[in-house]
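Okay, thanks for making the time, everyone.

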Amino acid sequence: MIITNINKAVDLLLNQKIVALFQDYSEWGPRALGNRSLLFDPRNVKAKEIVNKIKQREWWRPFAGTILLEHVHDWFDIGSLKESPYMSFAVLAKNKAKKEEKILKKTRDSNVAWLNDQWIYNEIIPYVNQANKDSGWNFQWDVSETCQFTKYRLNQYYHWHCDSFHSPYNTPNDLTKHGRIRKLSVTVSLSDPKEYKGGELQFDFYNEKRKKNIVTCKEILEKGSLVVFPSFVWHQVKPVTKGTRYSLVIWNLGSQFR
Ligand SMILES: [Fe+2]
């Protein structure tokens, strides 16, 4: 797919797609980064592996996230350098960046179990189909993954993430998943809101100006309620501050979006 609209490119990046950028002069000598580049969301903890795989590079090859010049001193110790636009220097990350990296690496802290009981699907899937239709998404999907039962105890959380991966499952030994991608996520509340505090489910419906638009999902609070959402929407479960929060998630798969 060839696109020329920057907003569409940002959409693709936010949906964990790789964008190949081609503009102006070709590269020679100091790298003309941004002229012939592969772009990917550096917040994805597997960004390096994903991009290196596409570029067919070894695991140890360098990988650089770009940062706005006005923020560079917040995150990197660049010594006497004023800037580093050509990926020519290895510089040290400041403690703040290292702390952030640790947090990003630990995206999730919760306990999970897997359930395959047919009655669970029978109860939940009709709502997935209804939401898919009523919302107008009309995503084609045909397979549900194993249900994930999740327990969030005190201070446990699931940091910002999206459920879908950048490419379809490559699982030749599991043909139900092979070649499919997560399209519709459904989460079910299994706890009464009086049983815990914190643990809010939040979505980031970023607006057309690419600003964050974080919405706390109140519809999921009541025990037994459920929310269906496109698997590419970023979301988080905030840390539980009291009690224990139980929930169930099912991801529903179909062929890749066109
Ligand atoms: Fe999720």
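I'll go from the overall layout to the cores, then the sheets, and finish with a few loop residues.

A quick word on ground rules. This is a predicted model, so local features are kept at pLDDT of at least 70 and side-chain atom pairs at pLDDT 80 or more, while totals for chains, interfaces and linings use all residues. Residue numbers start from 1 along each chain, following the sequence as written.

Layout, then. The C-alpha atoms of the chain fill a box of roughly 60 × 40 × 35 Å along the principal axes. The secondary structure is five helices and 17 strands; helices here are DSSP runs of H or I with at least four residues, strands are runs of E with at least two, and both are numbered from the N terminus. Of the 258 residues, 15% count as buried. Buried means 20 or more other C-beta atoms within 10 Å of a residue's own, exposed means 12 or fewer, and partly exposed is in between, with C-beta atoms placed from the backbone.

We've got two domains: domain 1 covers 6-105 and domain 2 covers 108-255. Those bounds come from an automatic or database domain assignment. Their centres, taken over C-alpha atoms, are 29 Å apart. Seven residues from domain 1 and seven residues from domain 2 make the contact, where contact means C-beta atoms, placed from the backbone, within 7 Å. On the domain 1 side, that's four nonpolar, two polar and one charged.

If you like contact order, here's one for you: among contacts between residues at least 6 apart in sequence, 68% join residues at least 24 apart.

So which residues have the most contacts inside the largest nonpolar core? They're V128, L184, V186, L226, V228, I250 and L253, in a core of 13 residues. By nonpolar core I mean a set of buried Ala, Val, Leu, Ile, Met, Phe, Trp, Tyr and Cys residues joined through C-beta atoms within 7 Å. β10 (180-189), β14 (226-230) and β17 (245-255) each supply at least two residues of this core, and β10 gives the most, with four. Take L226: skipping neighbours within four places in sequence, its contacts are I124, Y127, V186, T187 and V188. There's also a second, separate core of five residues, including Y158, L201, V237 and V240.

Now strand pairing, which needs at least two DSSP bridges between the strands. β17 turns up a lot here. It pairs antiparallel with β10 over nine bridges, and in that pairing R182 has L253 as its partner. Then β7 and β17 have two antiparallel bridges, and V143 stands opposite L253.

On β8, Q148 is also the bridge partner of W114, and β6 pairs antiparallel with β8 over five bridges. Is β6 buried or in the open? Strand β6 (residues 111-115) has five residues and zero of them are buried, so it lies largely in the open.

There's an open sheet of five strands as well, antiparallel, in the order β5-β9-β15-β12-β13. β5 (108-109) and β13 (214-216) are the edge strands, each pairing on one side only. Inside it, β9 and β15 (residues 235-237) are joined by two bridges, and Y158 is partnered with V237. Both of those residues belong to the second core I mentioned.

Last, some loops. E200 sits between β11 (196-198) and β12 (201-204). It's partly exposed, with 16 other C-beta atoms within 10 Å. Leaving out neighbours within four places in sequence, E200 contacts T216 and K238.

And two phi angles to look at. Most residues other than glycine have a negative phi. N138 has a positive phi, near 50°, in the loop between α5 (118-134) and β7 (143-144). N138 is exposed, with 7 other C-beta atoms within 10 Å. N155 has a positive phi of about 70°, in the loop between β8 (147-152) and β9 (157-161). N155 counts as exposed too, because it has 10 C-beta neighbours inside 10 Å.

That's my tour; happy to take questions.

Note on methods. Two residues are in contact if their C-beta atoms, placed from the backbone, lie within 7 Å. Ala, Val, Leu, Ile, Met, Phe, Trp, Tyr, Cys and Pro count as nonpolar, Asp, Glu, Lys and Arg as charged, and the others, Gly among them, as polar.
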